[in-house]
Amino acid sequence: MSTLSKSSAILKHNENYIPGGVVSLNRKSDPNICFTKGKGSRVWDVDGNEYIDYQAGFAASFLGHNDPDINRAVRETLERDAVLMGAGPTDLEGIFAEMFIQSVPTAESLQITTTGSEATYHAIRISRAVTKKQHVIVMQGGYNGWHNDVACNVISSLADVGPRVSPGEYPFDSLSAGIPDVHKSLVHIVNYNDLASVEYIIKRYEVACIILEPLLQNIGIVKPKPGYLEGLRKLADAHNFLLIFDEVKTGFRHALGGYQSICGVTPDLSTFGKAIANGFPLGVIAGKKKYMDYFVHPEKENRVLIAGTYNAFPLTTMAAIATLKKLASAEHDVYGHVNRLGAMLEDGLNAIFSETDQPYYLARQGSAYCVYLMDHAPADLHDILNNHDFALDKAYRLALIEKGIYNFPLPIKQGSISFAHTEKDIEITLDKTREVVSSLFKGVVAQ
């Protein structure tokens, strides 16, 4: 990799006009690379460096960057002068809604948003309207958006949240200033895979909902223990609160019906984004009709507001329509392709790391994966904080970036294979990984 002088200059220039120099601070990383072009599985930065990409907009570009079928559909929509009038329905939103409901059979009704954070915000608001309760349960280590109810405990340190408690809850480790203390008191943080702590909360507070990634992907790939999601469903039914699956990352990446179609648990509400429109800015809140109809409740005091000038913007809605068509196409066999590549990468990484003295665990769900530098599958964030080698993980990621393999340079963030990746891409990735592991880790056998 050549120098990053142009990337550094752009960041410095931006800082004159944008706080931090980046319009979403979640993107700021070390190194701060300005990517200027993406095509298929590859991206290029302004300094001319080329990378095989496993970041893909936090897993949004599931079909690959600038997929030709999606771009063609968007271009045709633009050329026919499609309009979002801000008055009345659009034809595209109805077409998309029908396709979505056919794809996700556990959903009966939906509304379109512009972002995933908006969708999770609406889901929590509906829950409070339905149950007439206010308290919310969120997951330690999960990410469900930027708003007050969920802007906490994303990748906290042990110093901030303390040792494991079960049953029990953790302090609100805020991601943002400006969240009122009275609001924080309504949010309860527990570890993923800990049913006992959920029961602990619902015995003490009037809980409106629990919101979680059904597969915890904000901290890599943390899978639900047998019976965990089913247990949440039973608790929600027994104690009159709503179960919300945040599938902004998992939805449409792992199956056309979302991860809920894999785990076999039906939530009350779900949120989607990212892969649903192959990276175009579109989110969805969907779920049982009796809850979704609170958006049009006949009684004013029960009616939930949804509004947004850019909701169902024609270009993004057409991108979502084209994406669903391609994902459902037997000809393209998107899920078969990415699952085969995922298995190929998993086998190769296991072969490389098994030759070292370094404890590791390769977690994978379909096209998403994470190498943990610990000797077992993680159960939750505390497990990772106590056992994972964060410093070595960072060095590993930086060394791969130097060799043109891009994963987000923050420990325990997932890697994402796209439909545009090829077996050759995986072979190159494994070759470069072996070089990195040989130089960083002990006990690697000769190549």
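How do the residues lining the second largest pocket divide into nonpolar, polar and charged? The lining holds ten nonpolar, eight polar and one charged. Here Ala, Val, Leu, Ile, Met, Phe, Trp, Tyr, Cys and Pro count as nonpolar, Asp, Glu, Lys and Arg as charged, and the others, Gly among them, as polar.

This is a predicted model, where local features need pLDDT of at least 70, side-chain atom pairs need 80 or more, and totals for chains, interfaces and linings use all residues. Residues are numbered from 1 along each chain as its sequence is written, and side-chain values use heavy atoms, without hydrogens and water.

Stay with the pocket. Among its lining residues, Gly88, Glu93, Gln111, Asn311 and Ala312 lie nearest the centre. Helix H4 (91-103) and strand E4 (109-113) each give at least two lining residues. Helices (H or I, at least four residues) and strands (E, at least two) are DSSP runs, numbered from the N terminus.

Now find the sheet. Its four strands run in the order E1-E2-E3-E13, and the sheet is open, with mixed pairing. Strands E1 (35-39) and E13 (405-406) each have a single partner strand, so one side of each lacks a neighbour in the sheet. Two strands pair if DSSP finds at least two bridges between them. E3 (residues 50-53) and E13 are parallel partners, joined over two bridges. Asp53 has Tyr406 of E13 as its bridge partner. Helix H16 (residues 423-440) packs on this sheet, touching E2 (42-45), E3 and E13. Contact means heavy atoms within 4.5 Å.

Notes. Axes fitted to C-alpha atoms, helices over the stretch in contact; angles between N-to-C directions. 1 Å grid on protein atoms, 1.4 Å probe; cavity = no way out; pocket = protein on both sides within 12 Å on 5 of 7 lines; lining within 4 Å.
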